[in-house]
Amino acid sequence: MESNYVFLDVDGTLVDYSNELPNSAVKAIKVAQANGHKVYPVTGRSKAEMYDELLEIGFDGYIGGNGNYVESDNEVILHQLITAEQEKMIVDWMNNRGLAFYLESNNGLFASEQFETRGEQTVKDYAAYKEKSGTETMTVRQAFPEMIFDGQLYRADVNKISFILEEYEDYLAAADFFSDFQVGTWGGIGEQALFGDIALANITKQTAIKKLLEHHGVDRKNTIAFGDAKVDIPMLEYCEIGVAMGNGGKEITAMADHITDSVDNDGLEKAFLHLGLIE
């Protein structure tokens, strides 16, 4: 079998929404790599959120910030940052509106002053939305184990900024004010969303994968992408084979070439077997 480039979303695909990493997934990735395939996480997380348990898997590179950062074989291929001037404008707008937020940088996650208290119910709601049970005790520090709560908030190393939606109007106001940026929501659908985020425009998981393949001179017919959410659809459309997790949303399961089991029921390993990446 030809060597494939395999791209894995992280939350809801590689790990569940309580950050649990199945042993079967780790084993499948390592066996696939031993068989000559290249495996990359492709995630909204900045590198500071790729905790040791994930990095120790030994990926062939990393795509983060939903596509603003691309690394392969320890070489940084792309890193597009929000400028210090832009970042200050966003932080000031958040503070003036009374919104709790955190800055996503490869050097850490930096929380605003009110994020831990304002975020407590939000992280419980997020875990409940994704997991359906066992979420009553979730805390901000559990959800973001290495978050920095007293760091500098005016920075020049920021990939994107997430903020708690007190109401859906906060997202609409941000989308209007920051029209030159990519403003989205996550942790729910439409007016039920829990978070908003602000990132540079015209960057997606798909554009990052394209950049990586161009760098290595790889044909996209040798690509497989795995995801569970709407944000993953562009990369599943772009890659030769698109796999949706069994716990995925309706939109992605409708368009995928293959639907595997859920993340916590060995879905990744089962798909690797089905696709011949491992035996």
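Predicted model: local features only at pLDDT ≥ 70, side-chain atom pairs only at ≥ 80, totals over all residues.
Student: How many residues does α7 have, and what does it reach from first C-alpha to last?

Tutor: Helix α7 runs over residues 205–216, twelve residues, and reaches 17 Å, close to the 16 Å expected at 1.5 Å a residue.

Student: Which residues of α7 are buried?

Tutor: Those are Lys205, Ala208, Ile209, Leu212 and Leu213. They cover an arc of only 135° around the axis, so they sit on the same side of α7.

Student: What covers them?

Tutor: The cover includes strands β1, β2, β3, β4 and β11, along with helix α8.

Student: What caps the N-terminal end of α7?

Tutor: Thr204 does, with a side-chain oxygen 3.1 Å from the backbone nitrogen of Gln206. Just after the helix, Gly217 takes a positive phi of about 65°.

Student: Now Asn222, in the loop between α7 and β11. Buried or exposed?

Tutor: Asn222 is buried, at a relative accessible area of 10%. Leaving aside neighbours within four places in sequence, Asn222 is in contact with Glu2, Ser3, Asn4 and Tyr5.

Student: Switching topic: which residues have the most contacts inside the largest nonpolar core?

Tutor: Leu8, Leu14, Ile29, Phe226, Leu268 and Phe272, in a core of 29 residues. β1, α1, β11 and α10 each supply at least two residues of this core, and α1 gives the most, with five.

Student: What is Leu268 in contact with?

Tutor: Beyond its neighbours within four places in sequence, Leu268 is in contact with Leu8, Thr13, Leu14, Ala25, Ile29, Phe226 and Met245. Apart from this core lies another, of 24 residues, including Met94, Leu99, Tyr171 and Phe178.

Definitions and conventions:
Residues numbered from 1 in each chain as written. Heavy atoms only, no water. Helix = DSSP H or I, 4+ residues; strand = E, 2+ residues; numbered from the N terminus. Expected span 1.5 Å × (residues − 1). Buried < 20%, exposed > 50% of the residue type's maximum accessible area, 1.4 Å probe, protein only. Arc of directions from axis to C-beta. Contact = heavy atoms within 4.5 Å. Polar contact = N/O pair within 3.5 Å; in protein donor to acceptor, adjacent residues only side chain to side chain. Core = buried A, V, L, I, M, F, W, Y, C linked by side-chain atoms within 4.5 Å.
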